[in-house]
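Below is a short briefing on one protein chain. The sequence and the model come first, followed by notes grouped by topic.

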Amino acid sequence: MKAIWTVAKKELLDLFRDRKTMALGLFLGPIVIPALILGMGALAEKKMRTQLESTLELPVIGAEHAPNLIAFLKGRNIEAQPAPEDPDREVRDQAWDVVLKIDPEYGEQWRGSRSARVELIYDSSRQDSQIPVNRLRGVLLEYSRTVGALRGINRGVSPEAGFALQVGQRDVATPEARRGMMLAFLPYLLILLSFLGGAALVIDVTAGERERQSLEPLLATPAPRAAIMSGKILAACLFGMLSLLLIVLSLKFAFQLAPGPMQLVDVSLPVMAQLLFVLLPMVLIGTTLLTLIAASVKSVKEAQSYMSVLMFLPIIPTIMLMVNPIKNQLWQFAVPFLAQNQMILKLVRSEAITPQEWAVYLAAGFGLGLALWLVAARLYHREKLAISA
């Protein structure tokens, strides 16, 4: 144990002498992530407020057929604009979010107390047009119900006769869960930083020392090679956890300063401590995997070539859940990256994590870390490890 701590202190001292590398490793995440949260939150809130409260300019085809409807829209802060020459093309080109087309037979259908036809022209693939489209759809539905009720009253029929069902809705989602939907990107960032946070140190203390020919004298000492490797892994884990601690603290202050609903995210100390504990197995998995890779390659450049592949691993569960959302099941807490994603989402949504889920998660995470440690230890016992390329 003494040898492990000695190697770990030696590697950390060497790292902190390189102030540039140390500063990038420790402070890049705490600066970038809060900036993303504050920037994205402010932009999203400003855009939503603008689209909901500002005057909606709406191109209308056939406005002369429905003057009452146009007046009703104006009363709801929707201003009719001249009809475009090619509405389909202009909507696709993002000149307009939505175009309203009124059927030429609207007047005749109206006078006959029939359903008068109007058409919304929009591009469903554009997320930024959803608020204007839903806003217009809601106003048209309100107008339809109002006129329908007045027609019934004019004929001595109760307005309720036109509705066979009165559908009530009760959303059981908690405010914390709804806020968690806005932070779907957060698990990926935290998993990525915990997985590869110690990459520079891990690659340098194995592949880098091998290139500099300083690894062979270290391995020639009486200390067991497994202890030397464990010391290097411990140093990388401590550095990674220090970086994550700074990130978590920066998240606490970022959410407190964030606009709108994000300000209500639970950033209490118990939640922050749980978040660090959740990320601990990923730090161990990432560090041992990188140690294994660094021990199996011949140069730092070869080790760094694996980084582009490793960066894609944390995003797999995020993409999978976007394409195919699934319910929480116990087996998910045993799958690397997916387990971390689910645990972080539970904390963000202020959902309780059961003891069984904690047990499966920790057993699977630390079990995988131990397996990678054993493989890396075998590589450290190879004689050619100390020989530079």
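In which helix is the place of Leu-140? Leu-140 sits in helix α6, which covers residues 130-154. The model is predicted. The chain has 389 residues, and 41% of them count as buried.

**Leu-140 and its surroundings**
- Leu-140 has a relative accessible area of 14%, under the 20% limit, and is therefore buried.
- Outside the four positions on either side in sequence, Leu-140 touches Leu-69, Leu-73, Leu-100, Val-118 and Leu-120.
- Leu-140 and Leu-69 are 71 residues apart in sequence, yet their C-alpha atoms are 8.5 Å apart in space.

**Nonpolar cores**
- The largest nonpolar core has 74 residues.
- Ile-33, Leu-186, Leu-190, Leu-196, Leu-251 and Ile-344 have the most contacts inside this largest core.
- Leu-190 touches Ile-33, Leu-244, Ile-247, Leu-251, Leu-275, Leu-279 and Ile-344, with residues up to four places away in sequence not counted.
- Another core, of 19 residues, lies apart from the largest one; Phe-72, Leu-73, Leu-140 and Tyr-143 are among its members.

**The chain as a whole**
- The secondary structure comprises 17 helices and four strands.
- Among contacts with a separation of 6 or more, 73% are between residues 24 or more positions apart.
- The accessible surface comes to about 21,600 Å², and 62% of this area belongs to carbon and sulfur atoms.

Technical notes:
Residues are numbered from 1 along each chain as its sequence is written. This is a predicted model: local features need pLDDT of at least 70, side-chain atom pairs count only at pLDDT 80 or more; totals for chains, interfaces and linings use all residues. Side-chain values use heavy atoms; hydrogens and water are left out. A nonpolar core is a set of buried Ala, Val, Leu, Ile, Met, Phe, Trp, Tyr and Cys residues joined through side-chain atoms within 4.5 Å. Buried means under 20% relative accessible area, exposed over 50%, partly exposed in between (1.4 Å probe, protein chains only). Contact means heavy atoms within 4.5 Å. Helices (H or I, at least four residues) and strands (E, at least two) are DSSP runs, numbered from the N terminus. Accessible areas come from the Shrake-Rupley method with a 1.4 Å probe; for residues, only the protein chains shown count as cover.
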